[in-house]
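The following note sets out numbered remarks for a colleague who wishes to review the model. Please read the points alongside the coordinates.

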Amino acid sequence: MDETKDLTSEHDAQKGKYMTFKSGNEYFGLKIQYVNEIIGFQAITAIPETEDYIKGLINLRGKILPVIDVRLRFKQDPFEYNDRTCIIVINVKDTVVGLIVEKIAEVVEIPDENILPPPSIGRMDKAQNQYVYGIGRVGDSVKLLLDPDKLLNDEDLSLIEEVNDMSEEEREVK
């Protein structure tokens with residue numbers, strides 16, 4: 001009984017909270033419940049014959065994770081990784097994935113009444129608009145709220161499953 005109460009209060013504590021990060025000139029937000037952790041940039045092993053935004057694989061405490069460059073996913077100009085570059089480790093559709101972002105901004109609370117649907121026309125590039133489910137107003141600024149399920153398409157997920165199914169030896173050979 002108490003366990004259920006703890007889970008409910010933990011979920012309530014996360015409700016309306018978003019991890020925000022910068023990509024290009026925009027700030028994006030991800031619901032905090034998708035975020036496992038934030039790690040510093042690290043060496044990436046490239047996977048041949050994949051989409052350009054799938055940068056490759058990282059080894060996080062013995063677990064192999066695919067990483068995606070958010071700027072390339074949104075068809076923005078690539079950027080040079082530096083000491084502010086981070087990887088946000090998220091859980092999407094029971095798959096753990098790293099998102100390479102220019103820099104982490106902050107955790108903000110955005111109440112539902114401050115979230116508007118994305119504009120159907122406007123200056124936002126269509127490529128990134130398909131991943132945005134809402135616009136969050138935070139003070140005088142706005143954050144584009146991402147739907148992590150849409151960041152990965154089905155081909156990406158099947159590729160990730162293939163990589164996860166490969167044994168350690170097979171990965172080293174390739």
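**Notes on the predicted model**

1. K75 is found in the loop between α2 (70–73) and β6, where helices (H or I, at least four residues) and strands (E, at least two) are DSSP runs numbered from the N terminus. Phi of K75 is near 60°, a positive value in a residue other than glycine. At 63% relative accessibility, K75 counts as exposed; the classes are buried under 20% relative accessible area, exposed over 50%, and partly exposed in between (1.4 Å probe, protein chains only).

2. The model is a predicted one: local features need pLDDT of at least 70, side-chain atom pairs count only at pLDDT 80 or more, and totals for chains, interfaces and linings use all residues. Residues are numbered from 1 along each chain as its sequence is written, and side-chain values use heavy atoms, with hydrogens and water left out.

3. E49 also has a positive phi, of about 60°, although it is not a glycine. This residue lies in the loop between β3 and β4 and is exposed, with a relative accessible area of 85%. As background, most residues other than glycine have a negative phi.

4. Overall, the protein contains six helices and 11 strands. Of its 174 residues, 43% count as buried. The accessible surface comes to about 10,400 Å², of which 47% belongs to carbon and sulfur atoms; the areas come from the Shrake-Rupley method with a 1.4 Å probe, and for residues only the protein chains shown count as cover. Among contacts (heavy atoms within 4.5 Å) with a separation of 6 or more, 53% are accounted for by residues 24 or more positions apart.

5. An open sheet is formed by six strands in the order β8-β1-β2-β11-β10-β9, with mixed pairing; two strands pair if DSSP finds at least two bridges between them. Its edge strands, β8 (103–109) and β9 (115–116), each pair on one side only. Within the sheet, β2 (residues 26–31) and β11 (residues 141–146) pair in the parallel sense over two bridges, and F28 stands opposite L144 in β11.

6. Which residues touch the most other members of the largest nonpolar core? They are F21, L30, I88, I90, L99 and L146, in a core of 29 residues. A nonpolar core is here a set of buried Ala, Val, Leu, Ile, Met, Phe, Trp, Tyr and Cys residues joined through side-chain atoms within 4.5 Å. Strand β6 (residues 86–92) supplies the largest share of this core, four residues. Another core, of 10 residues, lies apart from it and includes I58, L60, F79 and I100.

7. For I88, leaving aside neighbours within four places in sequence, the contacts include M19, F21, L30, V35, E37, I38, V97, G98, L99, V101 and I104. One of these residues, E37, also takes part in a salt bridge with R61, the closest N and O atoms being 2.5 Å apart. The pair links distant parts of the chain, with R61 in the loop between β4 (54–60) and β5 (63–69) and E37 in strand β3 (residues 35–40), 24 residues apart. R61 is exposed at 66% relative accessible area, whereas E37 is partly exposed at 24%.

8. The structure holds four salt bridges, each defined as a side-chain nitrogen of Lys or Arg within 4 Å of a carboxyl oxygen of Asp or Glu. K15 forms one with D112, the closest N and O atoms being 3.5 Å apart. K15 lies in the loop between α1 and β1 and D112 in the loop between β8 and β9, so the pair ties together parts that are 97 residues apart in sequence. K15 is partly exposed at 49%, while D112 is exposed at 52%.

9. The side chains of E109 and K17 likewise meet in a salt bridge (4.0 Å, N to O). Because E109 lies in strand β8 and K17 in strand β1, this pair ties together parts that are 92 residues apart in sequence. E109 is exposed, with a relative accessible area of 56%; K17 is partly exposed, at 29%.

10. D147 sits in the loop between β11 and α4 (148–151). D147 is buried yet has no salt bridge, the nearest side chain of opposite charge, K150, being 4.1 Å away; Lys and Arg count as positive and Asp and Glu as negative, and His and the chain ends are not counted. Beyond its neighbours within four places in sequence, D147 is in contact with Y131 and Y133.
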